[in-house]
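Dear colleague,

I am handing over the structure below, and I would be grateful if you could look through it alongside the notes that follow.

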Amino acid sequence: MSYDTPHPSYEPRPNHSPQHRSYEPRPAYDPPHPPSLTYPWQPAPPEPPRTRPRPSREPVGHHSDLRVLRSAYRWQRRTATLTALGYFTLFLVLSAAAPDFMTRTVADGIPAGLLLALLQLPVTWLAIALYEHTARRHVDPLADRIRKQAELDARRGAMR
């Protein structure tokens with residue numbers, strides 16, 4: 001005599017008889033399943049056509065204009081910073097290394113060190129003017145072009 005457990009350790013097969021099947025409504029359109037390749041000479045099914053055309057260029061986030069803009073802005077910052085800090089560093093080096101030159105009178109008893117110190121303010125203004133000039137000439141046109149392109153990309157994305 002054999003002993004069968006009431007709960008088998010494996011999953012029982014479902015009963016496919018019509019009386020045990022629950023009613024599931026069938027969809028109105030059941031798309032055909034792709035044919036299975038049973039023979040090696042059977043051609044592969046054709047690829048579905050693309051419905052969405054590719055944009056003519058990549059979105060702004062992956063575009064080289066951003067690299068160009070970053071390098072132009074970096075050049076602008078370095079030029080203006082080196083103008084102001086370079087003059088100040090020159091003034092400090094001359095003060096430490098050439099005290100005879102800095103104490104020499106230039107005109108009407110004004111020492112050269114004082115004259116160079118007073119020139120620090122116009123040199124700072126020159127650095128600010130140089131910064132604004134390079135911004136208007138090099139950086140702003142690039143930024144405007146990227147901004148316009150981003151707006152166009154956003155509109156194209158909203159239309160999809």
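A contact here means heavy atoms within 4.5 Å, and please keep in mind that this is a predicted model. With contact taken in that sense, Val-139 touches Leu-69, Ala-72, Tyr-73, Gln-76 and Thr-134, leaving aside residues up to four places away in sequence.

Val-139 also belongs to the largest nonpolar core, which has six residues and includes Leu-69, Ala-72, Leu-142, Ala-143 and Ile-146 as well. Helix H1 (64-97) and helix H4 (120-159) are the elements that give two or more residues to this core, and the largest share, four residues, comes from H4. A second, separate core has five residues, among them Tyr-87, Phe-91, Met-102 and Val-123.

As for the protein overall, its secondary structure comes to four helices and two strands, which run α-α-β-β-α-α from the N terminus on. Buried residues make up 14% of the 160 residues, and of the contacts between residues at least 6 apart in sequence, 63% join residues at least 24 apart. The accessible surface comes to about 14300 Å², with 61% of it belonging to carbon and sulfur atoms.

On that surface there is a nonpolar patch formed by Val-106, Ile-110, Leu-114, Leu-115, Leu-118 and Leu-119, which together have about 510 Å² of accessible area. Helix H3 (residues 112-118) supplies the largest share of the patch, three residues. Leu-114, which is found in helix H3, is partly exposed, with a relative accessible area of 44%, and that value passes the patch cut-off of over 30%.

With best regards

Key:
Residues are numbered from 1 along each chain as its sequence is written. This is a predicted model: local features need pLDDT of at least 70, side-chain atom pairs count only at pLDDT 80 or more; totals for chains, interfaces and linings use all residues. Side-chain values use heavy atoms; hydrogens and water are left out. Patches are made of residues with over 30% relative accessible area and no salt bridge: like charges are joined within 9 Å, nonpolar side chains (Val, Leu, Ile, Met, Phe, Trp, Tyr) within 5 Å. Accessible areas come from the Shrake-Rupley method with a 1.4 Å probe; for residues, only the protein chains shown count as cover. A salt bridge is a side-chain nitrogen of Lys or Arg within 4 Å of a carboxyl oxygen of Asp or Glu. Buried means under 20% relative accessible area, exposed over 50%, partly exposed in between (1.4 Å probe, protein chains only). A nonpolar core is a set of buried Ala, Val, Leu, Ile, Met, Phe, Trp, Tyr and Cys residues joined through side-chain atoms within 4.5 Å.
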